[in-house]
Amino acid sequence: MNKLFAIILLFTLPLWGAAQDSLPVKITPSFERTGPEEVTVALKLDIKPGIKVFGLAKDSAAQLFSSFVFDSTAEKLRSGKPLQSSNLKKETNPELGEVEFFMDSAVWKQHLKISGGDSAFVKGTATLLYQKGESFEPLEVPFRINITSDVAVAGGVANTNEQPARSLIWIFLSAFGGGLLALLTPCVYSMIPVTVSFFTKRSKSRAEGIRNAFYYSVSIVVIFTLIGFLVTLIFGPAALNNLATNWIANIVFFAIFLIFGISFLGAFEITLPASWSTRADSRASTGSFWGIFFMALTLVIVSFSCTGPIIGNLLVLASKGSYYGPLVGMFGFSLALALPFVLFAFFPSKLNLLGKAGGWLNSVKVTLGFLELALALKFLSNADLARNWRILDREVFLSLWIVIFLLLGLYLLGKLRFHHDDDLPKNDFGHPYLTVTRLFFAIGAFTFMVYMVPGLWGAPLKGLSAFLPPMGTQDFNSAKSQAIAAGGSSSGNGALPHPQKYYEVMKKNEPDVVVNNGLVTYFEYEEALEVAKKTGKPLMLDFTGINCINCRKMEGQVWSDPRVMQKLKDEFIIASLFVDVHHGVDLPPAQQYYSEALKKQVETLGDRNTDIAVTRFGANTQPYYFFLDGSEKRLIQEGYGYDPDVDKFLRHLDQAIAEFKKRK
């Protein structure tokens with residue numbers, strides 16, 4: 001028993017400590033009353049060894065800096081400029097000049113106008129730029145402080161892990177759902193009553209049967225969590241995250257999803273070597289914990305043909321959850337997989353609720369196969385966009401998805417049959433019939449298919465815009481054609497000069513909101529800056545990416561709002577600086593250079609845009625928006641990251657416009 005709890009402790013302690021220890025900087029907020037009408041908010045930074053956190057910007061000339069901002073309510077209460085502690089260190093960088101940074105600890109302060117009798121709940125975000133070794137990394141840490149009217153009470157609770165925790169929770173819940181799906185596959189579902197009956201009948205008492213089932217379930221959790229731990233240990237967080245935009249990795253993912261999808265459709269079975277299951281089964285018994293552990297290992301190996309595709313998908317998903325993503329993902333998956341064995345051991349009489357493991361289980365498996373094929377196309381699209389192959393243009397991608405979900409609907413209605421499908425159940429008259437559950441799933445598949453059809457003629461399909469190839473890849477767009485026929489301009493903001501630099505290569509990456517609304521965007525910084533100077537408008541830098549889902553969400557949910565779109569077209573010159581374009585956009589030899597920040601030779605447009613984002617704006621996440629005047633000075637010191645709040649973005653635009661007019 002002690003061994004059991006030791007193993008459980010070994011694999012669960014990292015999960016408990018993940019939220020607290022995964023961040024390189026811990027922020028603790030507090031406040032104190034410094035006057036009858038003033039409160040000073042302080043953010044204490046505890047910095048891990050080897051980390052350099054760049055200080056707050058003293059002026060607009062700063063290139064590497066951190067910042068902290070409050071929400072719109074607290075922003076109005078600011079009094080004076082933010083302050084920072086005096087333990088600031090300085091060094092001269094050969095490329096960037098003099099830079100200022102903190103090590104070990106730092107304190108940032110901001111005075112707020114809050115009278116002694118008032119209370120306030122202040123929220124904000126600290127945007128840190130830090131250096132670890134030779135790499136520069138951004139970090140956003142939300143915080144919140146409950147400022148009370150009692151002057152003797154100081155403090156607050158920092159929500160320093162809100163975003164990472166939310167990400168890990170999302171991964172856990174998604175993985176848990178994947179585990180529930182795996183339970184419905186024939187390989188696992190049919191094993192539940194057999195295994196539970198084995199424990200209850202072979203055990204000397206009910207208590208022993210429950211204990212053995214518990215050991216069995218814990219063993220399943222330990223085995224799958226160990227897989228997640230090994231993935232994390234071998235690949236590490238940086239390597240996993242970098243796979244998202246690597247075209248070779250996306251081709252590998254496409255092949256994996258395609259093979260697993262075809263397998264689920266019944267073409268073949270993917271199994272691990274039979275010797276593995278034979279060896280594990282030979283050590284299995286109910287006489288000890290380790291015997292039961294090998295029984296669980298046998299289940300894991302034998303059921304791989306059903307669970308393998310789901311696990312592969314989850315590991316791709318979990319790779320976006322920082323260092324602990326795979327660990328949390330496999331823990332959630334295995335927990336869902338193990339629960340029925342414990343529950344039915346406690347209530348063995350309820351086993352009859354499971355029903356017969358008939359043809360409906362195979363229907364679940366085939367349905368998952370269709371979904372695997374649809375997901376495979378997304379990875380192929382990522383690689384296609386990165387390499388500019390033009391294999392999966394938007395209408396081709398949509399056509400394939402429409403056909404896949406049409407076939408899925410027909411299958412659910414019983415109109416398609418595979419060689420391992422059973423007959424539909426028969427009614428009281430001996431005729432095959434369709435269950436209501438299956439009918440509703442078919443209705444869902446057909447509805448989704450019909451929703452996608454208008455996209456073939458240029459409909460934006462906002463619900464899918466983050467996952468589809470950009471509108472710029474579509475050959476025919478009736479929405480754009482109708483706008484031109486109605487007297488609009490194919491190039492958008494009327495009098496603006498048509499983009500020239502890299503346009504022929506980059507125009508396919510224009511998102512729906514740009515194409516359908518006739519918005520002009522430039523793909524090269526200097527060209528956009530020159531247009532901004534000639535037109536007397538502020539310059540909006542849009543650091544974005546081809547495969548950036550959050551960028552597409554911002555464009556689809558925020559830019560598409562008529563109020564936002566009107567301001568973007570009338571008031572700004574927009575430079576869409578894609579950081580992940582490297583094929584067909586080589587810089588002229590005279591413009592290539594070595595970037596100290598990136599530690600590489602800048603040879604492509606994507607490299608140059610990334611270098612601009614990191615060295616000049618301290619940002620390396622997408623989307624990120626900065627606003628400049630004609631002298632390349634910031635109109636607003638802080639950038640605007642992913643936040644699909646339309647009103648907040650409008651206020652940010654208005655602030656940039658107002659500041660630009662002041663400087664004229």
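**Confidence, helices, strands and ring pairs in a predicted model**

The protein chain has a mean pLDDT of 75, and 70% of its residues reach 70 or more, where pLDDT is the predictor's confidence in each residue, on a scale from 0 to 100. Residues are numbered from 1 along each chain as its sequence is written, and side-chain values use heavy atoms, with hydrogens and water left out.

Helices (H or I, at least four residues) and strands (E, at least two) were taken as DSSP runs and numbered from the N terminus. Among the elements of the protein chain, the lowest mean pLDDT, 40, belongs to helix α1 (residues 2-21), and the highest, 94, to strand β11 (residues 521-522). Over residues 150-166 pLDDT stays under 50, and the model has 33 contacts for this stretch beyond four places in sequence, a contact being heavy atoms within 4.5 Å. Over residues 481-492 pLDDT also stays under 50, and here the model has eleven contacts beyond four places in sequence.

Helix α13 has 19 residues and reaches 27 Å from its first C-alpha to its last, which is close to the 27 Å expected at 1.5 Å a residue; the expected span of a helix is 1.5 Å times one less than its number of residues. Just after α13, G414 takes a positive phi of about 85°. Helix α21 (residues 605-617) has 13 residues and spans 17 Å from its first C-alpha to its last, close to the expected 18 Å. G618, with a positive phi near 60°, follows α21.A search of the whole structure finds 22 aromatic pairs; rings of Phe, Tyr and Trp (its six-membered ring) pair if their centres lie within 6.5 Å, and planes under 30 degrees apart count as stacked, over 60 as edge-to-face and the rest as tilted. In one of these pairs, the rings of F68 and F70 have their centres 5.8 Å apart and their planes at 80°, so the pair is edge-to-face. F68 is buried, with a relative accessible area of 3%, and F70 also counts as buried, at 7% relative accessibility. W401 and F405 form an aromatic pair that is edge-to-face as well, with 6.2 Å from centre to centre and 65° between the planes. Both residues of this pair, W401 and F405, lie in helix α13 (residues 394-412), where they are four residues apart, about one turn of the helix. W401 is buried at a relative accessible area of 9%, and F405 is buried at 10%. Ring pairs also link F68, F70, W108 and F143 into a cluster.

Charged side chains were examined over rings too, a charge being counted if NZ of Lys or CZ of Arg is within 6 Å of the ring centre and within 35 degrees of the ring normal. The charged end of K52 sits over the ring of F101, at 4.8 Å from its centre, and R438 lies over the face of Y411, at 5.4 Å from the ring centre.

Two strands pair if DSSP finds at least two bridges between them. Strand β1 (residues 25-35) pairs with strand β2 (residues 38-47) in the antiparallel sense over ten bridges, and a hairpin joins β1 to β2 through two residues. Within this pairing, F31 has V41 of β2 as its bridge partner. An open sheet of four strands has the order β11-β13-β12-β16, with mixed pairing; its edge strands are β11 and β16, each of which pairs on one side only. Strand β12 (residues 539-544) and β16 pair in the antiparallel sense over five bridges, and the bridge partner of F543 in β16 is Y624.

Most residues other than glycine have a negative phi. Y502, in contrast, is a residue other than glycine with a positive phi, near 65°, and its place is in the loop between α15 (478-485) and α16 (503-506). E632 likewise has a positive phi, of about 65°, although it is not a glycine. E632 is found in the loop between β16 (624-628) and α22 (646-663), and at 32% relative accessibility this residue counts as partly exposed.

Methods:
Buried < 20%, exposed > 50% of the residue type's maximum accessible area, 1.4 Å probe, protein only.
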